[in-house]
Amino acid sequence: MRWVFTTNHKDIGTLYLLFALLMFFIGGAMAMIIRLELFSPGLQFVDPHFFNQMTTNHALVMIFGAVMPAFVGFANWLVPMMVGAPDMALPRMNNWSFWILPFAFAMLLSTQFMEGGAPAAGWTIYPPLVLQGGAHFPFMIFAIHLMGISSVMGAINIIVTIVNMRAPGMTLLKMPLFVWTWLITAFLLVAAMPVLAGAVTMLLTDKYFATSFFSAAGGGDPVMYQHIFWFFGHPEVYIMILPAFGIVSQIIPTFARKPLFGYDSMVYATASIAFLSFVVWAHHMFTVGMPLAGELFFMFTTMLIAVPTGVKVFNWVATMWRGSMTFETPMLFALAFVILFTIGGFSGLMLAIVPSDFQYHDTYFVVAHFHYVLVTGAIFAIIAGGYYWLPKWTGHMYNETLGKWHFWLSTIFVNVLFFPQHFLGLAGMPRRIPDYALQFAEWNWVSSIGAFGFGLSQILLVIVVVKCIRGGEKATDEVWEGAEGLEWTLSSPPPYHTFEEAPEVR
Amino acid sequence: MSSMCTGDHAGDCLSGRVKRTRARTARLGVAALGMLALLVSGAVHAGFMDVINMPRGVTPISRVAYDQHMLMFWWCVGIGIVVFGAMFYSIVRHRKSVGHEAAHFHHSTFAEIAWTVVPCVILVTMAIPATKALINMEDMTKSEMTVKVTGYQWKWRYDYIEDDITVYSNLANSSRELIFDGDPGTNENYLLEVDNPIVLPINKKIRLLLTADDVIHAWWVPALGQKKDAIPGYINEIWTRIEEPGVYRGQCAELCGKDHGFMPIVVHAKSQAEYDDWVKGLKKTSEASAAEAMREWKQDELIARGKEVYMTACSACHQPNGAGIPPQFPAITGSAVATGPLAVHLDRVMNGKPGTAMAAFANQLSATDLAAVVTYQRNGLGNKVGDMIQPADVAAKKN
């Protein structure tokens, strides 16, 4: 019952992280089904409607069930310790923020067993298509509302904690960058999640209460949904990457034994990215039939957002430069993040250019782009952070050999999985199709092999985590030579309650 | 971890380590390059490399899209070489195991300004040709003919405004039959062929008006370089000028339900004269089909024809065996409509059922096709009603 009623930020952090790990495997299983069907031309395993359910739920589970809760788990564990606070500002609300999620996902996943199956209109659930859905529809809407409430409550907690409960002497510009990225992410969440709630509520009323927000016949506009959705959707993708930037900004200085290069610049760059993220949304809709002025505006702002992102990459490289690096598993994942996320950034820049985007839009080129930034980006950062802080949280060193195996297998297979998808998109393969023309067969085959390898490699992650929780070489307080920050002044594992007296920060 | 490299022999140990690390790195590098060369040559040989880049296409727009794409690609490669080069150099040189000591610098205002301003300048350089290209792509003026394209679940309809002809394009049966059982490898144009391709004349600026009947679709032919959404209740415009004759294949590019991957587009680009012949031919065919409806048809003739029509127009929802996917797509086998009064059955097929996914086929299918498919449904798919309907009676109902 400790786990049901806990208001302790460490326990709640652990709950979020374990929940996210479970969701990662559920979403991963759906991805395996997708790649199994796409292994060769023809439909061998599933029918097209089930395939659409898999692509839809794979995304919903990974975005709202794996990536976001994982980052919230990191925030819960680390933000109070990093700012020298005893816990989060609102501990009971913190408990509820977590426990909403298993209910929301039980509801969403149960739709698989309803008549007509799970949602099948893509995670973006555009009308009119989504309004053709059957019994699952209200459950999906309600589940999304619950996830949004969980996120907003969590975000409020983080903002209030950071603003109010920093130890004396910890000015804002002395906070670890991970705390900064979460502060900014929390504002993005508060601004964006209610917009999604509005959009899906309008879908609900269009279906059941005879409104016509998105029906042309009734005087509405299906494209308005896309504007509203992506006004949420673009900040959402930055919500999924800013904490990753924060994690990597903690790891690289530690293993380079050199302070983070350009701390102030990193803070301003993160804030710029967050601000710009509100004025780029229509780049997800370039083919919708926008006026030329709109297309040009969003092309320019989308290109512009590459600048602060690039600044961050340069700062990480400058942190490495003339450091004294060692390559333990967290550092391996963090460096792979920098390289592979940058590749995802390159395809993103290409997508920004509207004349060529008309050829990329809704193809596997987009799928390749977002999987590079989300899997080799966000997920690799989450894994890196896991390896980095597991010794602190559990008091045991994880098995470094298994960690390195996990790293190399994951990195090789993830590239076999997603790099060929660039080729498929360029060659003309649309997305969200269960079967394809013969010229796409070879690269699909390669990609599916990569998927099976990548999926299997994650079993190593579970083995490492379970072994580490249960035992292992005792970890010191500092754990990593070169680690800086208040969390490393605590024992490994830290006491249940920490910083009941505020620490001194110089 | 590096405890061996302390004390009196630290100097020897480090240089030995450096040498061994360098030798090992060199060997690994050669091995990696060798493997890469092997992989690339294998890939080229197996045809992988044919399917690696965007086509240049056959229209001014497709070529501009390709040029923009390649320009951005090379920029990214260049930036990647610089950034990743610096990273790899640093990983090799600035590591503890070769004895490199960490420096302490951690800021440089000059660097921050430089690597903010220089990317901005690069972006402006990229944005100028992209802007010019887009302005040209969105210029719909001076078009010479118009085709209205309507997306349906799951087919396309083309209305040639000036020439007053209509074409419905469904996925061809020769592909449809191979989806679930059969070897797609036996069909070169698997999933990219239709029963009725459209013909467009080359060297003419053609305006395509895009809309949809049910959900959002998108019309895309990669070789033509244009893609735009087809939205119910709204009309989008694109233009194309095809400069080389040939056959160009495309697909729907917006998730539109279960058969989103099964509603391809086939464009035959021909000379003006051949296009005019095609238009004449289509008009003759519609006259011929009106004529063929007037003769007396035998039941087995109708059933055979109806089976083909069913496969093309009905099987996506009602399934090839008539079992349907209840509740959204009812079964035909044993259904009250298909085994009940003929008039009700015919009305359902011709006029659809509002509020459900069942569309009206009166305009999509000829009188003969309608009579054939109704007769087939009543006498095949496990039903044995025994009756039939003549195309002439259906033609009378249509008018």
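**Entry 1. Helix H16 of chain A**

I checked the length of H16(A) first: at 1.5 Å a residue, its 30 residues should span 44 Å, and the end C-alpha atoms are 45 Å apart, which agrees. The expected span is taken as 1.5 Å times one less than the number of residues. Helices here are DSSP runs of H or I with at least four residues, strands are runs of E with at least two, and both are numbered from the N terminus.

I note that this is a predicted model, in which local features need pLDDT of at least 70 and side-chain atom pairs count only at pLDDT 80 or more, while totals for chains, interfaces and linings use all residues. Residues are numbered from 1 along each chain as its sequence is written, and chains are lettered from A and ligands numbered from 1 in the order in which they are written.

I then listed the buried residues of H16(A), among them A:Trp443, A:Asn444, A:Phe454, A:Leu461, A:Val464 and A:Cys468. A residue is buried if 20 or more other C-beta atoms lie within 10 Å of its own, exposed if 12 or fewer, and partly exposed in between, with C-beta atoms placed from the backbone. These buried residues of H16(A) pack against helix H2 (9–37), H14 and H15 of chain A. After H16(A) comes A:Gly472, with a positive phi near 140°.

**Entry 2. Helix H9 of chain A**

I repeated the length check on H9(A), residues 263–276: its 14 residues should span 20 Å at 1.5 Å a residue, and its end C-alpha atoms are 20 Å apart, which agrees. The buried residues of H9(A) are A:Tyr263, A:Ser265, A:Met266, A:Ala269, A:Thr270, A:Ile273 and A:Ala274. Their packing partners are helix H6 (177–208), H7, H8 and H11 of chain A, together with helix H3 (109–137) of chain B.

**Entry 3. H8 against H14 in chain A**

I looked up how H8 (residues 242–256) and H14 (residues 364–394) of chain A pack: the angle is about 45° and the axes are 9 Å apart. Axes are lines fitted to C-alpha atoms, for helices over the stretch in contact, and angles run from 0 to 180 degrees between N-to-C directions. H8(A) and H14(A) are therefore oblique to each other; angles under 35 degrees count as roughly parallel, over 145 as roughly antiparallel, 65 to 115 as roughly perpendicular and the rest as oblique.

H8(A) passes H14(A) in a left-handed crossing. A crossing is left-handed if the near helix is turned anticlockwise from the far one by less than a right angle, and right-handed if clockwise. H8(A) contributes A:Ala244, A:Ile247, A:Val248 and A:Ile251 to the contact, and H14(A) contributes residues including A:Gly377, A:Ala381 and A:Tyr388. Two residues are in contact if their C-beta atoms, placed from the backbone, lie within 7 Å. The contact of H8(A) with H14(A) divides into 8 nonpolar residues, 2 polar and no charged. Ala, Val, Leu, Ile, Met, Phe, Trp, Tyr, Cys and Pro count as nonpolar, Asp, Glu, Lys and Arg as charged, and the others, Gly among them, as polar.

**Entry 4. Chain A against chain B**

I counted 82 residues of chain A in contact with 83 residues of chain B. H11(A) gives the most to the side of chain A that touches chain B, with 9 residues. That side divides into 52 nonpolar, 21 polar and 9 charged residues.

I followed H11(A) to H3(B): their axes come within 10 Å and cross at roughly 140°, and the two helices are therefore oblique to each other. The crossing of H11(A) past H3(B) is right-handed. Residues that meet here include A:Val307, A:Gly310 and A:Phe314 in H11(A) and B:Glu112, B:Trp115 and B:Leu123 in H3(B). The residues of this contact divide into 10 nonpolar, 2 polar and 1 charged.

**Entry 5. A:Ala352 in helix H12**

A:Ala352 is found in helix H12 of chain A. I recorded A:Ala352 as buried, with 26 other C-beta atoms within 10 Å. Leaving aside neighbours within four places in sequence, A:Ala352 is in contact with A:His283, A:Met299, A:Thr302 and A:Met303.

**Entry 6. Backbone in the loops**

A:Arg322 lies in the loop between H11 and H12 of chain A, and its phi is positive, near 60°, in a residue other than glycine. A:Arg322 is partly exposed, with 18 other C-beta atoms within 10 Å. B:Lys142 counts as exposed, with 8 C-beta neighbours inside 10 Å.
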